Every structure is written in C-alpha cells, then in structure tokens.
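This note is meant for a colleague meeting the structure for the first time. Please read the points below with the sequence and the model at hand.

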Amino acid sequence: MTAIRLPHVKYICPHAPRIPVTLNMKMTMPSWFDLMGLSPDSPEDEAGIKRAAENIKAIIDHEAKNGIPANRVLLGGFSQGGALSLYTALTCQQQLAGVVALSCWLPLHKSFPQAASASGNRDMPILQCHGEMDPMIPVQFGAMTAEKLKVIVNPQKITFRTYPGLVHSSCPQEMAAVKEFIEKQLPRI
C-alpha cells in the first residue's frame with residue numbers, strides 16, 4: 001500500500017480480530033469471520049459475516065461524523081478482507097465511492113441480489129483483481145463473483161482483471177491498477 005498511497009486520501013486499515021477458524025483446525029488466527037471451506041458451496045458463517053460488516057459500517061459512520069462523507073469512502077481488501085469489503089458495500093445504505101476486491105469472493109452469494117435491495121450502491125464502481133494461479137481462492141471463483149456482481153450492480157461499473165502466473169498475492173501491475181482506480185474514484189477536491 002505504501003507504494004500507491006495518495007497524499008490526499010486517508011487510509012484506514014482495520015485488522016481482523018483473532019478468532020478460532022474451522023478451516024484451520026479451529027486454531028486462533030486473524031479472521032473477520034469463521035471459514036468452513038473455500039468453495040462456493042461451503043457453509044458460511046452468516047452471523048460472523050454480518051457482524052464484521054456492521055463493524056466496517058461503524059467505521060464509515062465514524063468517518064462521516066468527522067467530516068468525510070460516505071461518497072468519499074472506498075472499501076478495499078485482499079482475500080477475506082476483499083470479500084468483507086464487497087459484502088459490506090453491497091449491503092450498505094450509504095452511497096460509497098467504490099470497492100477494490102482483490103483475490104476474493106462474494107460472501108453469502110446466494111442471498112443476492114435480494115440482500116442488496118436497500119443498498120445505495122447499485123451504481124458503485126468495483127475493481128476486482130485475481131491471480132490466475134491462485135491456489136487458495138481459484139480464479140474461477142473470482143470470475144463467478146464478477147458475473148454475480150453484474151446482476152447486483154450496474155454491470156458497466158464492474159472491472160475484473162486477472163494476472164497470469166500470480167498466486168494468492170499481489171503484483172506491481174495489480175497495485176498500479178488499484179492506484180489508478182483510487183485516483184479515479186477519489187480525485188483531489
């Protein structure tokens with residue numbers, strides 16, 4: 001993030017709490033919500049996902065009270081953080097500037113598009129990036145998420161980029177795309 005930081009943008013990078021994770025033999029680790037599996041048909045921690053989204057919405061509310069309007073807030077994250085960013089934005093009533101979703105999926109995907117019915121973000125830009133060699137969250141899951149997003153928000157606002165040879169990580173080209181997206185969605189005012 002330091003290489004793409006813009007001087008006119010405030011960055012808040014919350015850390016996930018440490019919780020036992022089923023997928024990791026119930027070992028305690030940083031995680032926004034429990035993970036039972038990493039496939040589209042795996043059971044999901046609905047209560048944990050919704051609780052984590054409410055925590056992020058509380059940060060948005062806090063920033064709004066301190067003078068940063070929601071339409072100048074862009075959510076973003078990698079892997080589970082990207083998944084949480086997507087879910088939070090799509091269920092948020094406030095209109096946000098956009099979402100950067102890296103190497104991730106849409107949690108509780110079966111609840112959409114209904115779950116987004118009260119969302120103020122039907123026309124929100126989303127940059128979704130994924131490594132083509134990702135062994136944790138296969139690129140096909142990212143592609144499925146991009147297709148699902150097209151029925152939830154304006155399909156013209158979805159950008160899905162893949163990176164050959166990239167595993168569950170980022171690369172300079174991806175970070176350049178993220179920087180360009182942030183510059184476009186949060187211009188200096």
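1. Two residues are said to be in contact when they have heavy atoms within 4.5 Å. The model discussed here is predicted.

2. Ser103 is placed in the loop between S4 and strand S5 (126-131). Not counting residues up to four places away in sequence, Ser103 touches Phe78, Ser79, Cys129, His130, Gly131, Asp134, Ile137, His168 and Ser169.

3. Is Ser103 buried or exposed? Buried means under 20% relative accessible area; Ser103 has 0% relative accessibility and therefore counts as buried.

4. The largest pocket has a volume of about 1,400 Å³. Its lining is made up of 50 residues, and those closest to the centre are Ile12, Cys13, Pro14, Gly76 and Gly77. By class, the lining of the largest pocket comprises 35 nonpolar, 12 polar and three charged residues.

5. Which elements supply at least two residues each to the lining of the largest pocket? They are strand S2 (27-30), helix H1 (46-65), strand S3 (74-78), helix H2 (80-90), strand S4 (98-102) and helix H4 (172-185). S3 gives the most, with five residues.

6. The second largest pocket holds about 270 Å³ of space. It is lined by 21 residues, and Ser39, Pro40, Trp105, Leu106 and His109 lie nearest its centre. Helix H3 (residues 139-149) provides the largest share of this lining, four residues. The lining of the second largest pocket divides into 12 nonpolar, five polar and four charged residues.

Methods: Residues numbered from 1 in each chain as written. Predicted model: local features only at pLDDT ≥ 70, side-chain atom pairs only at ≥ 80, totals over all residues. Heavy atoms only, no water. 1 Å grid on protein atoms, 1.4 Å probe; cavity = no way out; pocket = protein on both sides within 12 Å on 5 of 7 lines; lining within 4 Å. Points joined across faces, edges and corners; volume = space filled by probe spheres on them. Nonpolar A, V, L, I, M, F, W, Y, C, P; charged D, E, K, R; others polar. Buried < 20%, exposed > 50% of the residue type's maximum accessible area, 1.4 Å probe, protein only.
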